[in-house]
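Welcome, and thanks for taking a look at this one with us.

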Amino acid sequence: MKKFRSQSLAIRLGVIGAAVASLVTLASCGDNSGTSLGNTASTVAAAQKRPNILYIMADDLGYSDIRAFGGEINTPNLDALVQSGRILTNHHTGTVCAITRSMLISGTDHHLVGEGTMGVPTDERKGLPGYEGYLNDRALSIAQLLKDGGYHTYMAGKWHIGSGIPGSPTGGGQTPDQWGFEHSYALLGGAATNHFAHEPAGSKNYTEDGKYVQPGQPGQPGGTGGNPAVFYSTDFYTQRLISYIDSNKADGKPFFAYAAFTSPHWPLQVPEPYLHNYAGKYDQGYDAIRNARIARQKALGIIPADFTPFAGVPEKPAVSPATVNNGTANAKYISAVHSAAQGYSDYGPGVVDKAWSSLSPAEKKAQARYMEIYAGMVENLDHNIGLLVQHLKDIGEYDNTFIMFQSDNGAEGWPIDSGADPTATDTANAYDPVYSALGSDNGKQNAQRLQYGLRWAEVSATPFRLTKGYATEGGVSTPLIVHLPGQTTQLPTLRPFTHVTDNTATFLDVAQIAAPAQPAPPLLNSLTGVDQNKGKVVYNNRYVYPITGQSLLPVLNGQRQGVVHTAPFGDEAYGRGYLRSADGQWKALWTEPPNGPLDGHWELFDVTADRGENRDVSAQNPSIISSLIQQWNTYMSGVGGVEPQRPRGYY
């Protein structure tokens, strides 16, 4: 893809634009609870220029991990953000990080813009349009739109939607600098091999402003003579982003700052004092922590008092077997489009997933320690969010900044030993010298790949079903906190269904920038007669897919109440899919066996009454499930999605 050529967008004219109008509305009108922002001098001053935007994304943080969503982890800075903002409890993402990030940047479905699956697929979809494994040239970029509209644009942290710098073997146009970020320090891949860096000379895992960098090398951050002397990802990204903000603050232009943290993604690592802040906290095990979170969620109003949480995955003390033909040329895999009734019967093996009561003392010791370190990472993340917010206050920009915080997907439930029994690993980790070093810096490029496993991920996903990688609520529901410019008091919780593509539309609305809307001219394929530009718009002499998310600003500022999405909403990844009905009541869900129904049928849930996805009512509502499946097929055709012959997750 060729580098974007700068071309200013027309900014909406008028004495007060949409985002500033929202400030005036909030300053003069209370919401239905009687709270308001208050007509302060700082609010009036903030209306003199367009708001800054600070977008904060955690990596693999579960729905219930932070205190505001029911967790026991100490997160005072996010608590404070809630107290001067508001919570959205029904926010959704993609099933995995790269998919979510592609939709955030582009504002539309991931199949259209190159991340039909996370990275290049290894199955028969490899090479198909929409499965390039990086943000393709048919995508818009929120950073480019904001930059062309007069904003400074900065990011620090995880990119994960392309790694080719100009002139590289993989081709240019894939790194943040090529997508409108004025300054960026980016981890290009999906995970750091060590949060403390120690990159070897010549490595190509990180870039700054489009050039490969190696934190840990002499003269670079974390290396001899470098600044800072110690590189820890969350701490470093925070300070880098602050330095970018400060680099142009004198010119008075607004900024878009994207804090793309890699915490609390594995490997589980965190510096002191966070490494030992939670000693003994999780010795009581999975169920006790999960039940306490549910109780707090109900007390906080995150879920209703009569909410029925997901009952939990039944214990699996051993790997359940695959079908006989699994992995052979004779296999006919059950999928979202091939059911047992059609003669398909094959699927892969299950995983070991033991209850706390089934663990040995050594396993319990190791498992508790994993969660202690994870909690320390979340607390450190919160500390750094506090530093960002405080810096905005220090430079006088807090009252004119729109802030949004969320996770990129559900909690990471990667099995500790790839589905095999983790007893040997957990037992080895329970004894010194290994135990005392868990979560610390080993000084090598590759840290111990420490994960917290399936059951702690289930705790993080409380009160929902399953975890990252699945289309269940536990896989795609994340915490969302929003603070409006000038807001000083907490506003009521918002509960309508929202999606990460809505963030993109919201940022443009806040910035008073019109989304590209000029239809692309027809481009007929001479062989098929299909218009290859159907649905596209023109931007910077490119034909691209428009932003399809809905701005949340009218709902956030009280100009509109009720639902955000009024059309059916679908998604798919790794063969797993869902379709939410237009009225928001029903969710059709497909998950491959053995995690889904063994006969491969689509499940149906009334998510207005059972968002915990405990009661499959497909058998009682055949016409509804049939209609939703048909709508899902229409969705897949519309975005160019291809159901794999063998559905299976990313691990």
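## The largest pocket

Sorted by class, the lining of the largest pocket holds 22 nonpolar, ten polar and twelve charged residues. Please keep in mind that this is a predicted model. The space inside the largest pocket comes to about 930 Å³. It is lined by 44 residues, and those closest to its centre are Arg576, Glu592, Arg648, Gly649 and Tyr651.

The largest share, four residues, comes from α11. By class, the lining of the largest cavity divides into ten nonpolar, two polar and six charged residues.

## Helices α7 and α11

Helix α11, which contributes to the lining of the largest cavity, also packs with α7. Two packed helices are described by the angle between their axes and by the distance between the axes. For α7 and α11 the angle is about 10 degrees, and the axes are 9 Å apart. Since an angle under 35 degrees counts as roughly parallel, α7 is therefore roughly parallel to α11. Their crossing is left-handed.

## Helices α4 and α13

Another helix pair worth a visit is α4 (residues 97–106) with α13 (residues 500–511), where the packing angle is about 25 degrees and the axes lie 7 Å apart. That angle makes α4 roughly parallel to α13. Here the crossing is right-handed.

On the α4 side, Thr100, Met103, Leu104, Ile105 and Ser106 take part, and they meet Val500, Thr501, Asn503, Thr504 and Phe507 of α13. How many charged residues does the contact of α4 with α13 have? There are no charged residues in it, and the class count is five nonpolar and five polar.

## Backbone details in the loops

Where do the cis peptide bonds described here sit? One joins asparagine 227 and proline 228, with omega about 5 degrees. Proline 228 is placed in the loop between β6 (211–213) and α6 (233–247). Another cis bond runs from glutamate 272 to proline 273, with omega near 5 degrees. Proline 273 belongs to the loop between β7 (255–260) and α7 (286–300), and α7 is the helix that packs with α11.

A further backbone feature is found at histidine 198, a residue other than glycine with a positive phi, near 60 degrees. You will find histidine 198 in the loop between β4 (183–187) and β5 (206–208).

How values were computed. Residues numbered from 1 in each chain as written. Predicted model: local features only at pLDDT ≥ 70, side-chain atom pairs only at ≥ 80, totals over all residues. Heavy atoms only, no water. Axes fitted to C-alpha atoms, helices over the stretch in contact; angles between N-to-C directions. Helix = DSSP H or I, 4+ residues; strand = E, 2+ residues; numbered from the N terminus. Parallel < 35°, antiparallel > 145°, perpendicular 65-115°, else oblique. Left-handed = near helix turned anticlockwise from the far one by under 90°. Contact = heavy atoms within 4.5 Å. Nonpolar A, V, L, I, M, F, W, Y, C, P; charged D, E, K, R; others polar. 1 Å grid on protein atoms, 1.4 Å probe; cavity = no way out; pocket = protein on both sides within 12 Å on 5 of 7 lines; lining within 4 Å. Points joined across faces, edges and corners; volume = space filled by probe spheres on them.
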